[in-house]
Amino acid sequence: MTATQSNLAGLSRFIFRAPRWYSSLAFALLIAAMAGVAAFETGLPERTWSGLFLLGRDAWEGIFFIGIPTIIAAFGTTGVDRFVGGRLTPNRSSLLALACEVIIVAVVTVAAIASVFLPLDQGFVFNALVVALASVFALRLLVIMAVSRSSMLVASVPASIQTVASAVLLFIYSGTLRFLEFGGPILDAYLIPYVGQYLARSDQGPAALSAIQPSHFGLLGVMCLIYATAVYVFLYVVDRPWRNSLGVSVLDFIRGFIGHIAEGSRELEDFFEQLGQDAIVPVTVLSFRRSTEGDGDGEEKARFVLPMIHPGPMGEIGGGNFPERAARRSEGMAFPPHATAGHDFNLVTEREVDTILDAVDDATERIEYANEATTSIRTESGEANMLGQGFGDDAMLVSSYAPAFADDVEYAVGLAAATEARTHGLDDVLLVDAHNSNNGLDGPDLGHITPGSQRSFDMIRAAGLAGETLVDAERGPLSLGTAWDRTDWTPREGIGPLGIRVAVTEVAEQTTAYVLVDGNNMEPGLRDRIVTALTDETVTRPAEAQPVAADGARRQTVDVVEVMTTDTHIVNTVEADNQVGAALDQDELLDRISALVAEARADCEPVSAGMAVEEVTVTVFGNDRTETLASHANVAVSMGGAFAAAIILSAMVVSVLIFFLT
């Protein structure tokens, strides 16, 4: 990926799964109780410690004045928003209400601490509360407009629920109604016998609320109008570039992103689908069946699946979980390595994965099997090196730039390299990007292999040399063994659900190991450590991996090795840069691979192999659209954050002026 795309991928650090609505509300009530103890504490001698923190009046008052508006907002927002045509779910409403409660508590807490150390009275705290309630309204307005795509006027109704609920409780239990006069105390003259008992309950509320004045509620209304205007200005300025260049709204992106982090919804895919372009991609399948006759009628033992797509953009969005989906669909053990394609070939929706898998099935049905293969060969050109092995009239090539650093290979470069290999007599070529050595997300281009670059020509020449060499390579009956370890490592440690998979071929007394790790690239030097350890006679191996030779050294495991990663973006729900070997013990990884190679060797048996290619049309991000989206998203995050800060500061300045003038 490019540097700009890496910044977009960095948004994955914000991805998390929000708790269910009842968990959010339980946490909200806990925060409210703790805030009540801090805000309404009336002295220790009258209560026990357990009563103070669990059953005390102060905790209850916190739940009542802070928690109840949160609960009303959590349930009421969904109903009101759905009534006006919105899309908020209970989980999203509860998460939003909880976030707003935290803002209120934080602002009031800071104001209370400031009033202790500065010459400020209780009125300052309630001025801060007014600012917090107006800010909550603004935040809710922004989120509801983004999620439900409602107009500002319509969205303001559900957005105001939490602020209005808090204001109503404060109005009633502060006794504010008693301060209202209209040519005399209207409360004393008219309202006490009728509604005073319901709307003026200052005797039942905390004493601290007596500092609230009628002006606080007038200021709250004025500030909500100011903040709503600020939200409108912010959205207009940020949204304009998106509409002009992409024809979509930034609110669609925000809605999809919020839906993904809150509930794992597919709304972000709907946004990507608006940007997508149709592309024809080759889907190559190399299948191995238990058969010694070359007819391929036996049970499938293993299958290499390689569509020329990119398994991104992040998490399970689009094709991010393609490797696992391919493995579940395969009859034999599936090996879905990384193809020569970058982020422009991200699938826009997970539905497109089904299209790819259908093409895999079609290709598998057309495979013609042969029981002979070539020994494996390795060619080099510049920084590129290519491992190749022929199966019948077809070949699998695995490209790597290790020990140098590289990331994705662009689609056009891969097509050119595969074509170059076929010019020497090969029918079909399965070209793998090993994706096994990178230095993270630092640098201007992150090792992206682009058309016209020196590295692209290195790769094309290495593929041509491999095709030429394989035509004359030694041939013999083919045997194959496989092994798989799901491992205990998780995506947080850089390993996806496929774990580690190993396929070992034996041809003419030569053994070749293909190691596939379900991760996104590798830490620098790790690939070379693995290759050296699996081919060097002097390296000490785990006892279970190889028998001990007479001289005490471990015997050579295999003759040739290449290590690949799937480039699964499941591991990027934690962070954009989460390469294999960065968060786990590399020695332990090496030991597990060694044991799997030994297990695969022991599993070797005669097989037949065949390859077929199926072309399929899918919707992908498209040429330049990824870069444009990444640029706009990065600007929205960086410049949008600065602009939002400026808007907030301006609104706060106006608020302060209003406080001084009133």
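Predicted model: local features only at pLDDT ≥ 70, side-chain atom pairs only at ≥ 80, totals over all residues.

Biologist: Where does UniProt place the feature "transmembrane region"?
Modeller: The annotation comes from an unreviewed UniProt entry. In the model, residues 124-146 are 100% helix and 0% strand, with end C-alpha atoms 33 Å apart. Residues 217-238 are also 100% helix and 0% strand, and their end C-alpha atoms lie 31 Å apart. UniProt places the feature at residues 21-40, 60-83, 95-118, 124-146, 153-173, 217-238 and 635-661.

Biologist: Which are the edge strands of the open sheet of 5 strands?
Modeller: The pairing in this sheet is mixed, and the order is β13-β12-β11-β10-β14. An edge strand pairs on one side only. That gives β13 (560-565) and β14 (605-606).

Biologist: Which residue of β11 is the bridge partner of Thr 482?
Modeller: Strands β10 (residues 479-485) and β11 (residues 500-507) run antiparallel, joined by 7 bridges. Within β11, the partner of Thr 482 is Ala 503.

Biologist: At about what angle to β11 does helix α18 run?
Modeller: Helix α18 covers residues 586-602. It lies across β10, β11 and β12 (510-517). Its angle to β11 is about 40 degrees.

Biologist: How do the residues of the contact of α17 with α18 divide?
Modeller: From α17 come Leu 526, Arg 529, Ile 530, Ala 533 and Leu 534. The α18 side includes Leu 589, Leu 590, Ile 593 and Val 597. Gln 586, Asp 587 and Ser 594 also belong to the α18 side. The division is 8 nonpolar, 2 polar and 2 charged.

Biologist: And how do the residues of the contact of α13 with α14 divide?
Modeller: Helices α13 (residues 322-329) and α14 (residues 351-365) pack at about 40 degrees, with axes 11 Å apart. Phe 322, Arg 325, Ala 326 and Arg 329 of α13 meet residues of α14, among them Asp 354, Asp 358 and Asp 361. Val 353, Ile 356 and Leu 357 are also on the α14 side. The division is 5 nonpolar, no polar and 5 charged.

Biologist: Which residue in β15 stands opposite Ser 287?
Modeller: An open sheet of 4 strands has the order β3-β2-β1-β15. Its edge strands are β3 (333-335) and β15 (608-620). Strand β1 (residues 277-289) pairs with β15 in the antiparallel sense over 13 bridges. Opposite Ser 287 stands Gly 610.

Biologist: What is phi of Ala 508?
Modeller: Most residues other than glycine have a negative phi. Ala 508 lies in the loop between β11 and β12. Its phi is positive, near 50 degrees.

Terms used
Residues numbered from 1 in each chain as written. Heavy atoms only, no water. UniProt positions renumbered as here; feature names shortened; annotations may be inferred. Helix = DSSP H or I, 4+ residues; strand = E, 2+ residues; numbered from the N terminus. Axes fitted to C-alpha atoms, helices over the stretch in contact; angles between N-to-C directions. Contact = heavy atoms within 4.5 Å. Nonpolar A, V, L, I, M, F, W, Y, C, P; charged D, E, K, R; others polar. Pairing = 2+ DSSP bridges.
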